[in-house]
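Please keep the structure open while reading.

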Amino acid sequence: MSGVQTFNALPAERLREQLLDCLAAPSWGDGIAAGRPFADRAAIVAAADAAARALTWDEVLQGLSAHPRIGERAAGESREAAWSRAEQSAAARSADDETKRALAEANREYEERFGHVFLIFASGRSQAEILDAARERLGNDEAAERAIVAEELRKIAGLRLERVLDAL
């Protein structure tokens with residue numbers, strides 16, 4: 001059975017768990033699940049992308065709730081926590097103590113300014129690049145930053161969905 005066939009055949013509760021590991025906003029997973037059966041992988045990815053773009057700000061915040069601060073190790077044994085650790089691991093290895101300290105300070109400033117964790121698609125980025133982005137984004141207004149956060153969350157969810165599909 002192909003990955004797409006397996007995805008289409010998963011029991012609803014198991015699919016929901018798999019999708020919540022990708023993005024902790026149930027409406028995102030529900031939107032994808034409602035489109036089953038899918039003809040191919042591209043259709044699943046497109047449905048996920050559309051569902052992510054349709055999230056309200058409250059749903060984005062719900063998704064953010066599962067993300068640790070950038071530069072901090074995600075706790076727990078869940079697949080989501082393991083993915084978060086992997087996504088940040090290369091960046092963490094690239095950081096010196098001064099960069100780590102500066103990133104912790106940028107996280108604190110960001111959270112004070114915007115009221116939620118700084119979220120960035122960390123895969124393939126160094127901590128210095130992430131720090132630069134955090135500092136730059138501190139200058140955004142609320143509306144601009146919400147759009148960026150939603151986009152970063154969409155990219156992370158897409159990467160994680162690809163991992164789920166690869167494992168099927």
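## The second largest cavity

The model is predicted. Seen from inside, the second largest cavity has a lining made of L23, A52, L55, V60, A150, L153 and R154. Its volume is about 30 Å³. The structure holds 2 cavities of 30 Å³ or more.

Which helix gives the largest share of this lining? Helix α9, residues 142-167, does, with 3 residues. By class, the lining has 6 nonpolar residues, 1 charged residue and no polar ones.

## Helix α4 against α9

Helix α4 spans residues 41-53. The axes of α4 and α9 lie 10 Å apart, at an angle of about 155°. Angles over 145 degrees count as roughly antiparallel, and α4 and α9 are therefore roughly antiparallel to each other. Their crossing is right-handed.

Which residues meet here? From α4 come R41, I44, V45, A48, D49, A52 and R53. From α9 come E151, R154, L161, E162, L165 and D166. The contact of α4 with α9 has 7 charged residues, 6 nonpolar and no polar.

## Helix α5 against α9

Helix α5 covers residues 57-64. The axes of α5 and α9 come within 10 Å and cross at roughly 55°. This makes α5 and α9 oblique to each other. The crossing of α5 past α9 is left-handed.

On the α5 side, the contact uses W57, V60, G63 and L64. On the α9 side, it uses R146, V149, A150 and L153. Sorted by class, these residues are 6 nonpolar, 1 polar and 1 charged.

## Helix α2 against α3

Helix α2 runs over residues 12-22, and helix α3 over residues 26-33. How do their axes cross? They come within 9 Å, at roughly 130°. That angle makes α2 oblique to α3. The crossing of α2 and α3 is right-handed.

L15, R16, L19, L20 and C22 form the α2 side of the contact. P26, W28, G29, D30, I32 and A33 form the α3 side. The contact of α2 with α3 includes 8 nonpolar residues, 2 charged and 1 polar.

## A cis peptide bond

Where does P37 sit? P37 is in the loop between α3 and α4. The peptide bond from R36 to P37 is cis. Its omega is near 0°.

## Reading the parts together

Helix α9 links several of these features. It supplies 3 residues to the lining of the second largest cavity. It packs against α4 at about 155° and crosses α5 at roughly 55°. The contact with α4 has 7 charged residues, while the contact with α5 has 1 charged residue.

Terms used
Residues are numbered from 1 along each chain as its sequence is written. This is a predicted model: local features need pLDDT of at least 70, side-chain atom pairs count only at pLDDT 80 or more; totals for chains, interfaces and linings use all residues. Side-chain values use heavy atoms; hydrogens and water are left out. Axes are lines fitted to C-alpha atoms, for helices over the stretch in contact, and angles run from 0 to 180 degrees between N-to-C directions. Helices (H or I, at least four residues) and strands (E, at least two) are DSSP runs, numbered from the N terminus. Angles under 35 degrees count as roughly parallel, over 145 as roughly antiparallel, 65 to 115 as roughly perpendicular and the rest as oblique. A crossing is left-handed if the near helix is turned anticlockwise from the far one by less than a right angle, and right-handed if clockwise. Contact means heavy atoms within 4.5 Å. Ala, Val, Leu, Ile, Met, Phe, Trp, Tyr, Cys and Pro count as nonpolar, Asp, Glu, Lys and Arg as charged, and the others, Gly among them, as polar. On a 1 Å grid over the protein atoms alone, a cavity is a set of points where a 1.4 Å probe fits but cannot get out, and a pocket is an open set with protein on both sides within 12 Å along at least five of seven lines; lining residues have an atom within 4 Å of a point. Grid points are joined across faces, edges and corners, and a volume is the space filled by probe spheres set on the points.
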